[in-house]
Amino acid sequence: MNDSTHDASSRALSNLDLETPEKPYLDSNELIINMGPQHPATHGVLRVILKLDGEKVLGTECVIGYLHRGVEKIAENRTYTMFNPYVDRMDYVAAVSNGLGYCEAVEKLMNVEAPARAKYIRVILTELNRIASHQLWLGTHALDIGAMTPLFYTFRDREEILKIFEKYCGARLTTHAFRIGGCQYETYAGFEKEVKNFLTFVAPKIDEYEELLTTNRIWIARTKNVGVISAADAIALGVTGPVLRASGVKWDLRKAQPYAAYSEFDFDIPTGTNGDTYDRYLVRMAEMRQSLRIIEQAVNRIPEGPIMAKVPKIIKPPVGEIYHSIEAPKGELGYFIVSDGSTQPYRLRVRPPSFVNLQALDTMVRGLLVADVVAVIGTIDIVLGEVDR
Amino acid sequence: MAEEAKPPVPPPPPEGEKKPAAEERAAPASAEPAKPAAAAKPAGPVPVPWTSPLVEKYRGQYGSGLDAQTYLGQNYFAVDRSLIPDILRLLRDEEQFDYCVDITAVHYPQREKQFDVVWILYSFPRNERVRVKTQIADGASIPSSVSIWATANWLEREVYDMFGIQFDGHPDLKRILLPDGWKGHPLRKDYGILQQDNEWVQINLGIESGQ
């Protein structure tokens with residue numbers, strides 16, 4: 001036996017070939033394997049080509065586009081109003097956020113502003129949706145790693161949010177909750193009470209998720225120091241949302257460039273320090289609690305008044321272009337709209353957070369084991385509907 | 001903005017800088033006292049010249065190749081294509097625009113230079129956004145900014161996929177959302193919404209039509 005100290009991979013190799021320990025495993029070349037597109041841990045139809053040395057990941061390539069529907073092309077062939085429901089189909093677990101970004105972008109282009117009451121309703125529903133999105137993320141991410149119980153807990157509690165959505169606008173997932181200029185629906189009788197009941201219901205549930213995972217030895221072993229990304233790398237790769245914040249960058253569009261009514265609420269931006277999977281988990285758990293704070297303030301102070309601004313029936317923004325972005329549960333969701341003065345957008349570009357964040361996968365998994373790839377895909381929190389659009 | 005106002009007329013100046021310059025002279029005269037309200041009545045708000053130390057600095061350096069405007073409170077540079085790698089690098093290195101939010105393009109088939117390529121940048125230290133746009137002709141290429149922001153990799157691939165714009169120096173410029181063998185670039189204006197690469201669909205999916 002070779003008695004010098006080796007790292008784990010060369011230790012395995014030393015048994016096979018003493019002369020040339022740097023030779024690859026079993027004297028083979030690198031192994032290329034295909035993960036997906038039909039793989040339960042890819043959260044949809046994502047194909048990752050992995051270049052492996054034994055179980056160690058040397059590199060990855062993402063193959064995407066399986067869910068490409070040409071949303072941007074569709075936008076050019078629909079009126080502004082007709083396109084509104086399409087945005088729900090991008091990040092379909094956070095449809096309310098998509099709608100908020102789109103409606104606000106068109107409003108900005110038309111130079112109108114939603115009334116205060118509409119803004120509050122928007123904030124309440126968007127933050128509820130953020131919690132629902134994070135719950136779905138937590139359940140599926142934990143399931144990928146091997147913890148099954150959180151999935152049942154989070155789906156059970158997410159149901160309460162979907163019930164509120166259903167009562168408000170009739171839909172649970174692709175809500176189409178907002179209209180250009182405000183909200184189409186007034187809140188239903190007892191809305192405030194139900195939202196408050198939800199807040200008291202869900203706060204201890206979030207503690208319950210944490211009890212299951214935060215100090216769980218297996219969870220820590222599978223997530224700590226896995227998929228580390230430094231703040232500098234995250235910024236260079238354009239990563240946003242909880243992934244960026246877990247790397248220690250205290251940046252949230254709700255604070256940096258407030259939209260809707262966010263400037264009126266008191267809340268903190270949770271950040272991590274290591275930029276690993278565990279920190280991203282903690283950041284999202286803390287974000288859920290901050291969302292509860294925002295909802296509580298909003299629902300207690302919800303002003304009376306109209307819910308729609310004065311918007312013409314036929315929406316024809318003046319010639320010009322606008323970029324507007326919001327803090328979606330997954331990161332910066334932006335809309336770049338070019339108007340030629342007609343009823344249809346001349347060009348509509350969606351800046352999808354999932355697409356840009358997924359690009360960081362390669363940086364995050366290099367040098368890890370195959371099993372960690374599953375954990376890292378989960379921790380980035382992608383929705384393929386938004387990656388592919 | 002200025003060049004979209006009259007889409008059928010292809011702007012004769014190569015960088016589109018003559019028109020915004022005319023706008024520059026007109027705007028302060030008409031819109032100086034109340035710029036948001038006064039102009040909003042007949043045809044909506046108009047772009048106004050963007051003045052800031054940053055603009056003065058680069059205008060001094062690049063002169064007529066660079067034009068700076070503000071529309072609805074959002075600032076943008078319209079720059080000559082030849083300045084593209086330099087100005088993007090300077091914005092990152094000297095002005096701290098460290099986050100490239102998005103790269104995209106807009107197709108104007110009536111124009112001589114058919115494409116607008118747009119970079120949306122953000123600076124964390126300044127909490128400020130700026131857009132940089134340039135015009136290029138169909139078939140012309142543009143320097144890649146992957147060496148400036150790593151995130152440009154996929155964003156440029158998507159622009160290539162959707163518009164067919166070539167990025168020089170991109171490490172791996174290939175289609176990203178559409179399959180590799182696909183013909184055509186769907187976000188061009190001459191690509192119909194029902195159009196598809198029938199040959200590809202027939203060979204790979206074994207059906208006559210995807211509709």
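**Stop 1: two helices in chain A**

Select helix H5 (residues 116-145) and helix H15 (residues 370-380) of chain A. They pack at an angle of about 175°, and their axes are 9 Å apart. Angles over 145 degrees count as roughly antiparallel, so H5(A) is roughly antiparallel to H15(A). Keep in mind that you are looking at a predicted model.

Now show the side chains where the two helices meet. From H5(A), pick Thr140(A), His141(A), Asp144(A) and Ile145(A). From H15(A), pick Val374(A), Ala375(A), Gly378(A) and Thr379(A). Colour them by class. You get three nonpolar, four polar and one charged residues.

**Stop 2**

Zoom in on S1(A) and strand S4 (residues 47-53) of chain A. Five bridges join this antiparallel pair. Find Leu31(A): opposite it, in S4(A), stands Leu52(A).

**Stop 3**

Go back to H5(A). The largest nonpolar core has 155 residues, and H5(A) gives the most to it, with 14 residues. Val106(A), Ile124(A) and Leu121(B) have the most contacts inside this core. In soluble globular proteins, nonpolar side chains tend to be buried together.

Click on Ile124(A). What is it in contact with, leaving aside its neighbours within four places in sequence? The list is Val195(A), Ile295(A), Ala298(A) and Val299(A).

**Stop 2: an exposed residue**

Next, select Thr200(A), in helix H7 (residues 191-213) of chain A. Is Thr200(A) buried or exposed? It has 10 C-beta neighbours inside 10 Å, so it counts as exposed.

The residues are 163 apart in sequence and 40 Å apart in space.

**Stop 3: a second sheet in chain A**

Select S8, S9 and S10 of chain A. This is an open sheet of three strands in the order S8-S9-S10, with antiparallel pairing. S8 and S10 are the edge strands, and each pairs on one side only. Neighbouring strands are turned by 15° against each other on average, direction ignored.

Look at S9(A) and S10(A). They pair over six bridges. Tyr335(A) has Val350(A), in S10(A), as its bridge partner.

**Stop 4: where the chains meet**

Show both chains. The contact takes 34 residues from chain A and 33 residues from chain B. On the chain A side, strands S8 (320-328), S9 (331-339) and S10 (345-351) each supply at least two residues. So do helices H2 (71-76), H9 (231-236) and H13 (353-358). This side of chain A divides into 14 nonpolar, 10 polar and 10 charged residues.

**Stop 7**

Hide chain A and select strand S5 (residues 115-123) of chain B. Eight of its nine residues are buried, so S5(B) is largely enclosed by the rest of the structure.

Strand S4 (residues 99-107) of chain B joins S5(B) through eight bridges, and the two run antiparallel. Tyr99(B) stands opposite Tyr122(B) there. S5(B) also pairs with strand S6 (residues 128-136) of chain B, antiparallel, over nine bridges. In this pair, Asp116(B) stands opposite Gln135(B). S5(B) and S6(B) form a hairpin with four residues between them. In the turn, Asn127(B) has a positive phi of about 50°.

Finish at strand S2 (residues 66-71) of chain B. Five of its six residues are buried, so S2(B) too is largely enclosed by the rest of the structure. Two bridges join it to strand S1 (residues 48-49) of chain B, with Pro49(B) opposite Gln69(B). Six bridges join S2(B) to strand S3 (residues 74-79) of chain B, again antiparallel. Ala68(B) has Phe77(B), in S3(B), as its bridge partner. The hairpin of S2(B) and S3(B) has two residues between the strands, and Leu72(B) takes a positive phi near 50°.

Methods
Residues numbered from 1 in each chain as written. Chains lettered and ligands numbered in written order. Predicted model: local features only at pLDDT ≥ 70, side-chain atom pairs only at ≥ 80, totals over all residues. Contact = placed C-beta atoms within 7 Å. Nonpolar A, V, L, I, M, F, W, Y, C, P; charged D, E, K, R; others polar. Pairing = 2+ DSSP bridges. Axes fitted to C-alpha atoms, helices over the stretch in contact; angles between N-to-C directions. Parallel < 35°, antiparallel > 145°, perpendicular 65-115°, else oblique. Core = buried A, V, L, I, M, F, W, Y, C linked by C-beta atoms within 7 Å. Buried ≥ 20, exposed ≤ 12 C-beta atoms within 10 Å, placed from the backbone.
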